[in-house]
Amino acid sequence: MRTATPAAKAKSVKIPAVVLPKKTKGAKAQDAVSLLKQDHKNVKALFSKFESLGDTALVSKKKIAHQICLELTKHTIAEEEIFYTAVREATTNTDDMLDEATVEHATAKDLIAQILSMEPGDDLYDAKVKVLSEQIEHHVKEEETEMFPKAKKAKLDLVSLGEAIQERKDEITLPSLQ
């Protein structure tokens, strides 16, 4: 498996997961837009969970922040490599929108790297998670109101794209927590 970002060696810790829809044998595959919207919903729930924790819940904060970072890393990489590429090829007049979305992903990845290199008690840790949450909220709104409708109009094979996105996400990992 490919690792998304390098980090110091750490021992494995069980991370509480958000319930993700699993593809069962014979089940209909999820289309790309539905899959990406589900990712958005899952990460929003994780951010809410993080924000509900008190200042002394350092172990829980670290686990949830790591899960947020993992989910966002999987999402951004797969979305850029597969979905954005397909939308760019199948549409016209979307280059600026896709370029902006890619830059938003880059800023998110930068904050993710900073969060992963920190501890919950460190100065600015909570602030960085909060800013990441706000950036993602803005990004999600633009994707869901502008990009996804254009992708649907483009007559892309959204089911095949969804399968490819899920396969790519399944390949991506982060180093274990310390």
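**A cavity and a helix pair**

The largest cavity here has a volume of about 50 Å³. Quick word on how that's done: on a 1 Å grid over the protein atoms alone, a cavity is a set of points where a 1.4 Å probe fits but cannot get out. Grid points are joined across faces, edges and corners, and the volume is the space filled by probe spheres set on the points. By this rule we count one cavity of 30 Å³ or more.

Before I go on, the housekeeping. This is a predicted model, so local features need pLDDT of at least 70 and side-chain atom pairs count only at pLDDT 80 or more, while totals for chains, interfaces and linings use all residues. Numbering runs from 1 along each chain as its sequence is written, and side-chain values use heavy atoms, with hydrogens and water left out.

Okay, the overall layout. We have five helices and two strands, and along the sequence they go β-α-α-α-α-α-β. Those are DSSP runs numbered from the N terminus: H or I with at least four residues for helices, E with at least two for strands. Of the 178 residues, 40% count as buried, meaning under 20% relative accessible area; exposed is over 50%, and partly exposed is in between (1.4 Å probe, protein chains only). If you take contacts between residues at least 6 apart in sequence, 80% of them join residues at least 24 apart. Contact, by the way, is heavy atoms within 4.5 Å.

Back to that cavity. Which residues line the largest cavity? They're His 40, Leu 72, His 75, Thr 76, His 105, Ala 108, Ile 136, His 139 and Val 140, where lining means having an atom within 4 Å of a point. By class, the lining has four nonpolar, five polar and no charged residues. For the classes, Ala, Val, Leu, Ile, Met, Phe, Trp, Tyr, Cys and Pro are nonpolar, Asp, Glu, Lys and Arg are charged, and the others, Gly among them, are polar.

Now the helix pair. Helix 1 (residues 32–51) and helix 5 (residues 158–171) pack at about 40°, with their axes 7 Å apart. So helix 1 is oblique to helix 5. The axes are lines fitted to C-alpha atoms, for helices over the stretch in contact, and angles run from 0 to 180 degrees between N-to-C directions. Under 35 degrees is roughly parallel, over 145 roughly antiparallel, 65 to 115 roughly perpendicular, and the rest oblique. Helix 1 brings Ala 32, Val 33, Leu 35, Leu 36 and Asp 39, among the residues making the contact, and helix 5 brings others, including Ile 165 and Lys 169.

Let me pick out two of those. Ile 165, in helix 5, is buried at 0% relative accessibility. Leaving aside neighbours within four places in sequence, Ile 165 contacts Ala 32, Leu 35, Leu 36, Ala 78, Ile 82 and Phe 83. Ile 82 is 83 residues from Ile 165 in sequence, yet 6.4 Å away, C-alpha to C-alpha.

Asp 39, in helix 1, is buried too, at 7% relative accessibility. Not counting residues up to four places away, Asp 39 touches His 75 and Lys 169.

Asn 93, between helix 2 and helix 3, has a positive phi of about 60° although it isn't a glycine. Asn 93 is exposed, at 76%.

Technical notes. 1 Å grid on protein atoms, 1.4 Å probe; cavity = no way out; pocket = protein on both sides within 12 Å on 5 of 7 lines; lining within 4 Å.
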